Amino acid sequence: MIRATIATLSIAAVLTAGCPQQPEQSAAAEPEPVRIAQVDGDTQLAQANPENALPEPTPPLDQIVLPDGFGIHYYASDVPGARSMTFSPGGILYVGTRDEGNVYAVLDRDGDHRAEQVVTIASGLRMPNGVAWRDGSLYVAEVSRILRYDDIDNRLDNPPEPVVVRDDYPTDRAHGWKFIAFGPDGKLYVPVGAPCNICESPGEIYASITRINADGSNREIIARGIRNTVGFDWHPGTGELWFTDNGRDGMGDNIPPDELNRLSEEGLHFGYPYCHGRDVLDPQFGGGRSCDDFTLPEAALGPHVAALGMRFYRGDAFPERYRGGVFIAEHGSWNRTNKIGYRVMYVPIQGSSAVDYEVFAQGWLQGEQNWGRPVDVQELPDGSLLVSDDYAGAIYRIVYAGE
Ligand SMILES: [Ca+2]
Ligand SMILES: [Ca+2]
């Protein structure tokens, strides 16, 4: 396995070095080592077997606009349907998908922040959007099941049969795909979306966030009134759970907003299907209700932006103003006259309050045409930020190179 991996890496290095690269943000072109030095004599083999290397990226990253000093490049460009991400302590990026049914391991073996290899470690799963790593195992969320792949970092070439951790989540396909993550309490947090655009829940578990022990036992509902969250993280200072929520469709272009929410205590109700955002009572279900009866969002985001993955920025590679704030991947609208979203936003946090909502990275949408759709954000140990894109089938890396 090691020998084969090194060979693949060398082949990729040869082809990468020999082909033209897409232009990057000139404002922050990160110095990249010339990797021809890593070639170890496999040049002839590489040219004879080009299918062994990752294909050259094609979408134009020079269209992505970032704040001064930041740059973006491809981390991996052949990750079809790339959705939620988790990064193992061993340095392997795991990526879930939705319609593709695959889970990938994305490998940067030489630490140059560009993947040499994408390994499909599972396929044929039902919307395996969510991935979480803990104690050597990869947890994968299908629609109704939580699976566990043990010792996965060491078994990429021969993944084990998964252990079924839990198989009694609802089977509804609508909003059935799941983001999952382990909290600071060591428990796995598993949301259950509303099985509709707008409806009163047909069962207590819908429109909620649940949590379970790592072995699947002791399922609890800890938050309610959430239409569909596909991204959450814990405030590094307070330990509180923050999460995005996608607003309903069919109320026009400009309402309701998507949401960034904070769970300050267990058992809160976040409004759906009665109240949307801070003050939008639902025309069908809001009668006789008041938004004051529910926990309102910390930040009202754009309407129909499809706010998905979100993470607190814990590193120090980005400038001071980004530390401790929230990056949000916006997948982009469909229920709107003019498209909105298709970008990465930044929400500065002061104490426990969101104080702004600003564009961080945009350009996947050009006019009314989009060539990419951000799904998740994932910080790397060096403080750079990965962004997954299930439309372009790519993972980007955003770096700060200074003024
Ligand atoms: Ca690499
Ligand atoms: Ca809400």
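Predicted model: local features only at pLDDT ≥ 70, side-chain atom pairs only at ≥ 80, totals over all residues.

Me: Which sheet has β31 in it, and in what order do the strands come?

Reply: The sheet is an open one of four strands, ordered β1-β31-β30-β29, with antiparallel pairing. The edges are taken by β1 (70-76) and β29 (374-379); each has a single partner strand, so one side of each has no neighbour in the sheet. From one strand to the next, the twist averages 25°.

Me: Let me zoom out. How many helices and strands does the chain have?

Reply: There are two helices and 31 strands. The chain has 403 residues, and 48% of them are buried.

Me: And for contacts with a separation of 6 or more, what share comes from residues 24 or more positions apart?

Reply: That share is 55%.

Me: What about the largest nonpolar core: which residues touch the most other members?

Reply: Those are Tyr94, Val106, Val140, Ile328 and Ile395, in a core of 95 residues. Strand β31 (residues 394-400) gives the most to this core, with six residues.

Me: Pick isoleucine 395, then. Which residues is it in contact with, leaving aside neighbours within four places in sequence?

Reply: Isoleucine 395 is in contact with Tyr75, Ala76, Val79, Ala82, Val106, Leu386, Val387 and Ser388. Val106 is also on the list of residues that touch the most other core members.

Me: What does β23 have on its other pairing, with β26?

Reply: Four bridges join β23 to β26 (residues 358-362), and the two run antiparallel. Methionine 345 turns up again here, opposite valine 359 in β26. Another facing pair is arginine 343 and glutamine 362, with the glutamine in β26.

Me: Why is β23 largely enclosed by the rest of the structure?

Reply: Because four of its five residues (343-347) are buried.

Me: What order do the strands of its sheet follow?

Reply: The order is β21-β22-β23-β26, in an open sheet of four strands with antiparallel pairing. Here β21 (307-312) and β26 are at the edges with a single partner strand each, so one side of each is left without a neighbour in the sheet. The twist averages 25° from one strand to the next.

Me: New topic: phenylalanine 232. Which strand is it found in?

Reply: Phenylalanine 232 is in strand β14, which covers residues 232-234.

Me: Is phenylalanine 232 buried or exposed?

Reply: Phenylalanine 232 counts as buried, because it has 25 C-beta neighbours inside 10 Å, and the cut-off for buried is 20 or more.

Me: What does phenylalanine 232 contact, apart from neighbours within four places in sequence?

Reply: Phenylalanine 232 is in contact with Phe179, Ala181, Tyr189, Leu241, Trp242, Phe243 and Met310.

Me: And what separates its C-alpha atom from that of isoleucine 180?

Reply: The separation is 8.1 Å, although phenylalanine 232 and isoleucine 180 are 52 residues apart along the chain.

Methods
Residues numbered from 1 in each chain as written. Chains lettered and ligands numbered in written order. Buried ≥ 20, exposed ≤ 12 C-beta atoms within 10 Å, placed from the backbone. Contact = placed C-beta atoms within 7 Å. Pairing = 2+ DSSP bridges. Axes fitted to C-alpha atoms, helices over the stretch in contact; angles between N-to-C directions. Core = buried A, V, L, I, M, F, W, Y, C linked by C-beta atoms within 7 Å.
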